Amino acid sequence: MSAGASADPLADGSAGFDLRHHGDAEVRGADAALTDLAVNVRAGTPPDWLKAHIAASLDGLAAYPDGRAAREAVAGRHGLPVGRVLLTAGAAEAFVLLARALPARRPVVVHPQFTEPEAALRDAGHTVGRVVLEERDGFRLTPAAVPEDADLVVIGNPTNPTSVLHPAAVVAGLARPGRTLMVDEAFMDAVPGESESLAARTDVPGLVVLRSLTKTWGLAGLRIGYVLADPDTVTALERVQPLWPVSSPALAAAEACCTPSALAEAARAAHRTAADRAHLADRLAELAELAESAEVRVCGPAAGPFLLIRVAGAAAIRTRLRELGFAVRRGDTFPGLGPEWLRLAVRDRATTDRFVIAMTKAIADTAA
């Protein structure tokens, strides 16, 4: 066990963490009017051309979905054989399929990270161990932190909510004979150049990569994602997948998002997001200097379309921010974090500037 992580080998329950809480809970119903920094879907999406393409697919709704073209498009996008691709109703379905199909005896989830993989494993009857990375090490991973007898390891890259991008070589170093290495790359297309992606790798034993089209393209309501794995694993997942799990409009979206023009647009969006994230981090650093009543700490370096911050009184600040018109994601539902953490989605600079004004006021009001 490395000094940079702590292990919870039994982890018989969720230990007080609400593994089913997600950012969309912050902006439902009447709260939809709030400026949304809680959900990590890129603002202003889906683009008009994609909406038109999806709408055109509605003419074929009388026919059962045929995923062959979309599957070929995803395979081509990553330079992989079609047999290594499985289309799913979002990455969330993939977590459920993997939990049901894989005969893991000792699954381990590396936290803090997206909680749905652990929830799916628990729902499938698994006893889930946790490796909890620590703030003092920047929530960074060393392969030695994972128990050698773990036969299923789950890690996000870049990780939600920490926004840490682990080096591909370090993540691949978790692979072992007889072990499944599940890497959630739902936010990798928001990283310029996808520099640490394992999606195209076929030389890492037991590797399963999950991808989502939700975040960059604004398709959370359509539910489309995919699994990249060896053909035997894909076949095992297909056996537990219901018939026609991905709708025709979702298949149309998957195919369209893999075209060269779409990939170029996604690349441009990734660079804009990186610049907007830097602006948010800079403004928060200024706030930390001005806010004498509260220390605001930004977890970094960040690589995803969101930032994790630590601030005393975060729960009260989050409530006051809602009163001021902003929704942010609470951090205390993530194992390894606590009530002093908040996650902020990256938005355009004007929105960030408005948010920092509100954050300054929220800190002052809650400290009074």
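1. In this note a residue counts as buried when its relative accessible area is under 20%, as exposed when it is over 50%, and as partly exposed in between, with a 1.4 Å probe and protein chains only. By that definition Asp66, with a relative accessible area of 43%, is partly exposed, whereas Arg68, at 61% relative accessibility, counts as exposed.

2. The structure is a predicted model, in which local features need pLDDT of at least 70 and side-chain atom pairs count only at pLDDT 80 or more, while totals for chains, interfaces and linings use all residues. Residues are numbered from 1 along each chain as its sequence is written, and side-chain values use heavy atoms, with hydrogens and water left out.

3. The protein chain is divided into domain 1 (23-40 + 266-367) and domain 2 (48-258), with bounds that come from an automatic or database domain assignment. The centres of the two domains, taken over C-alpha atoms, are separated by 26 Å. Their contact, meaning heavy atoms within 4.5 Å, takes 22 residues from domain 1 and 26 residues from domain 2.

4. The area buried between domain 1 and domain 2 is about 2,000 Å², and carbon and sulfur atoms give 66% of it; buried area here is the accessible area (1.4 Å probe) that two parts lose on being put together, summed over both. On the side of domain 1, Ala303, Phe306 and Pro335 lose the most area to domain 2, and together they account for 27% of what that side buries.

5. Between the two domains there are six residue pairs in polar contact, both residues being at pLDDT 80 or more. Such a contact is a pair of N or O atoms within 3.5 Å, where within protein one must be able to donate a hydrogen and the other to accept it, and where residues adjacent in sequence count only if both atoms are side-chain atoms. The elements that give two or more residues to the side of domain 1 that touches domain 2 are helix H9 (260-290), strand E11 (306-311) and strand E13 (341-345), and H9 gives the most, with four residues. Helices (H or I, at least four residues) and strands (E, at least two) are DSSP runs, numbered from the N terminus.

6. Thr162 lies in the loop between strand E6 (152-156) and helix H5 (168-172), and at 1% relative accessibility Thr162 counts as buried. Leaving aside residues up to four places away in sequence, Thr162 touches Pro112, Phe139, Cys299, Phe306 and Leu308.

7. The whole structure holds 32 salt bridges, each a side-chain nitrogen of Lys or Arg within 4 Å of a carboxyl oxygen of Asp or Glu, and the count between domain 1 and domain 2 is two. In the salt bridge of Arg297 with Glu135 the closest N and O atoms are 2.7 Å apart, and Arg297 also meets Glu295 in a salt bridge (3.6 Å, N to O). Arg297 is partly exposed, with a relative accessible area of 37%, while Glu295, at 55%, is exposed. Glu135, Glu295, Arg297, Arg310 and Glu340 are linked in a network of salt bridges.

8. Two further salt bridges may be examined. Asp66 pairs with Arg68, their closest N and O atoms being 2.7 Å apart. Arg349 pairs with Asp276, with the closest N and O atoms 3.8 Å apart; Arg349 lies in helix H11 (residues 349-367) and Asp276 in helix H9, so this pair ties together parts that are 73 residues apart in sequence. Arg349 is partly exposed at 43% relative accessibility, whereas Asp276 is buried, with a relative accessible area of 18%.
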